[in-house]
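Let's take a friendly walk through this protein model, one neighbourhood at a time. Keep the structure open beside you as you read.

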Amino acid sequence: MNNIAKLRAMLTRRDKVILLVLFCATLLFSVIETFSISVIMPYIAFASNPDLIFSQQITTMIYEWLKCSSTLQFMIFFSIALIAFYCFRIVYAISYNYALNRFAFRKYHFFAYRLFCKAVELNYVDFTRKKTDNIRNNITSESLNASFYVQNLLQLFSEVFTIILLYVLLLVTSWKMTLVLSVILGIQVVLIIKTISVKIKKMGEISSANRSQFHEIISKTFGNFKIIKLKGNQEDVYREFEQASQTLTDANILTQTLLPTPRIILETIGFGALIASVVYILMRYDSASAVLPIISMYALALYRILPSVNRILQNYNMLGFYGVCVQKVYENLLYHTESEDNEPCSFERSIELKDIDFSYTPDKPIFTNYNLTIKKGEKVAFCGASGAGKSTLVDIIIGIYKPQKGALLVDGVEINNHNLRSWRKKIGYIPQTIYLFDGSVADNVTFGSVFDEKRVIEACKKANIYDFLCEYNGIYTRVGEGGILLSGGQKQRIGIARAIYDDPEILVLDEATSALDSATESRIMDEIYDVAKNKTLLIIAHRINTIEHCERKIQIG
């Protein structure tokens, strides 16, 4: 019930309206299923003894309305109507199942999309504290499993309504025999829930935990592919992957083995009880002809009820299996993120940090009452030992981190959640490690922006990479996963092209050339200074030669 309450909290108003419609469709489906069973008993009775047609008022009225000349003609009409009804039942069942699955898997799209948006909306501090593989697993796997939870829940309700109606029908037919069968099957259901269902729920928890570990192992292995080759520790990697994979596989094997077990038990006991009833009737009355319609009715009802009971148990077990996924999706969607808006923000005069306090942990402050003013067009270098807070300070300036106290002012206007996006758009950022995905240079340069071929070429020319690209496929040259097909200097130049593509007012270099040799670093820094002639330039660097053209040098720490 706790998981259902969480699921309900994640549904929109439109979802609840659709659920109400599906609920009504489920009731109708149950009525159709019940009628499809109950109509068999009179059909068999009339076929075996046609005189019974005239013993019932309703069948007599239908006989006269159809103007039948014989009981045979009546049975032909009855047969045709029955076939037409079963054809309608097929169409309705397919349509109903389509609507059911459509709703469930549309929720997968909704959950995955909202989780993705929620992850993107995280502030940078929260993002660095979360494992990327866990975020990826929640979006791709847990959201899908949460939709399976919805699917199983809807199917469970469908089967419950069908069983209730069929059960009422059996009580009317023979309440004593129905109660005996109910007690026998009820005991089995309780035992299954107390044993098998608990085990399946446990396997669901194990599977969810190991899926995250599974993704993490793959990511760190391929992210450090060269290191693994150099160290030659493939056996350790194989062993770690094998353990995670084996645990996940064992959990799935046990789950898939346990899921059909209730069906086998219930069918054996249910039909065994029915056979025992037939034997009892034969021994007592020496003939089953008098109760043949009733026996046929029970046989057909059990043929429909036992699979329904099995599906209910299977749905119940899967609710337990996927319950942990619903909890994860719920917790991640509920995670508080601050909304950020795009109100206009102008930068004509200066950037000011006023009485800034910032710390990652309360007991270790990095900045306390810190003040700084940067004029537009200045070239500013931030110097200091590693870990002194250079990158943190610049991240506060560009709006990645928010100060715990004080304010970031641009032309005297505070940067807050209302204008934060506008402020960030004025910044071109060149990190130390340029992340390039396996696509073309154009794709990587325009990442997150509208594609414009002329602007891409212009950005590549300013970054001095265009002539090299022309030797291949121009801006459509493939870079490989992580830029593996390019040299370090070429990757940095593409990073520069990406940073200046949207013509930002501020350029930020976060130790962007520290991994390059001195000659390449010198050339790229000259190119950066040339590109940033009319822009504000903020540089974080260790080496003196990279900041020699800066007008101001701010020592941190």
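This is a predicted model: local features need pLDDT of at least 70, side-chain atom pairs count only at pLDDT 80 or more; totals for chains, interfaces and linings use all residues.

## Aromatic pairs around F358

Y401 has a relative accessibility of 6%, so it counts as buried. Y401 forms an aromatic pair with F358, and the pair is stacked, with 5.2 Å from centre to centre and 25 degrees between the planes. The pair links distant parts of the chain, 43 residues apart. F358 belongs to strand 1 (residues 350–361), while Y401 sits in the loop between helix 13 (390–397) and strand 4 (405–410).

How many aromatic pairs does the count come to? The count is 20 aromatic pairs. One of them joins F358 and Y360: the ring centres are 5.2 Å apart and the planes stand at 85 degrees, so this pair is edge-to-face. Is F358 buried or exposed? With a relative accessible area of 2%, F358 is buried. Y360 has a relative accessible area of 34%, which means that it is partly exposed.

## A cluster, and charges over rings

Further aromatic residues gather as a group. F46, F54, Y63, F74 and F78 make up one aromatic cluster.

K376 lies over the face of F347, at 5.5 Å from the ring centre. R455 is placed over the face of Y501, and here the distance to the ring centre is 4.2 Å.

## The chain as a whole

Stepping back, the protein chain has 19 helices and nine strands. Of its 557 residues, 44% are buried. Consider next the contacts between residues at least 6 apart in sequence: 78% of these join residues at least 24 apart.

## Helix 18 beside helix 19

Two packed helices are described by the angle between their axes and the distance between the axes. For helix 18 (residues 488–500) and helix 19 (residues 518–531), the angle is about 10 degrees and the axes are 11 Å apart. Angles under 35 degrees count as roughly parallel, and helix 18 and helix 19 are therefore roughly parallel to each other.

Which residues of helix 18 and helix 19 make the contact? Helix 18 contributes G489, Q492, R493, I496 and I500. From helix 19 come T520, R523, I524, E527, I528 and V531. The residues of this contact divide into five nonpolar, three polar and three charged.

S147 and L156 can both be found in helix 7, which covers residues 132–173. S147 is at 1% relative accessibility, so it counts as buried. Leaving out residues up to four places away in sequence, S147 touches A104, F105, K107, Y108 and F111.

L156 has a relative accessible area of 14%; because buried means under 20%, L156 is buried. Which residues is L156 in contact with, leaving aside its neighbours within four places in sequence? They are I312, N315, Y316 and L319. L156 and L319 are 163 residues apart in sequence, yet their C-alpha atoms are 9.6 Å apart in space.

## Y86 in helix 5

Y86 lies in helix 5 (residues 71–121). Its relative accessible area is 24%, so Y86 is partly exposed. Not counting residues up to four places away in sequence, Y86 touches S36, V39 and I40. Y86 and E33 are 53 residues apart along the chain, and their C-alpha atoms are separated by 9.8 Å.

## Positive phi in two loops

Lastly, have a look at the backbone. N464 has a phi near 55 degrees, a positive value in a residue other than glycine. N464 lies in the loop between helix 16 (453–462) and helix 17 (466–470). With a relative accessible area of 47%, N464 is partly exposed.

D503 has a positive phi of about 50 degrees, although D503 is not a glycine. Where is D503 found? D503 is in the loop between helix 18 and strand 7 (506–510). At 54% relative accessibility, D503 counts as exposed.

Terms used
Residues are numbered from 1 along each chain as its sequence is written. Side-chain values use heavy atoms; hydrogens and water are left out. Axes are lines fitted to C-alpha atoms, for helices over the stretch in contact, and angles run from 0 to 180 degrees between N-to-C directions. Helices (H or I, at least four residues) and strands (E, at least two) are DSSP runs, numbered from the N terminus. Angles under 35 degrees count as roughly parallel, over 145 as roughly antiparallel, 65 to 115 as roughly perpendicular and the rest as oblique. Contact means heavy atoms within 4.5 Å. Ala, Val, Leu, Ile, Met, Phe, Trp, Tyr, Cys and Pro count as nonpolar, Asp, Glu, Lys and Arg as charged, and the others, Gly among them, as polar. Rings of Phe, Tyr and Trp (its six-membered ring) pair if their centres lie within 6.5 Å; planes under 30 degrees apart count as stacked, over 60 as edge-to-face and the rest as tilted. Buried means under 20% relative accessible area, exposed over 50%, partly exposed in between (1.4 Å probe, protein chains only). A charge sits over a ring if NZ of Lys or CZ of Arg is within 6 Å of the ring centre and within 35 degrees of the ring normal.
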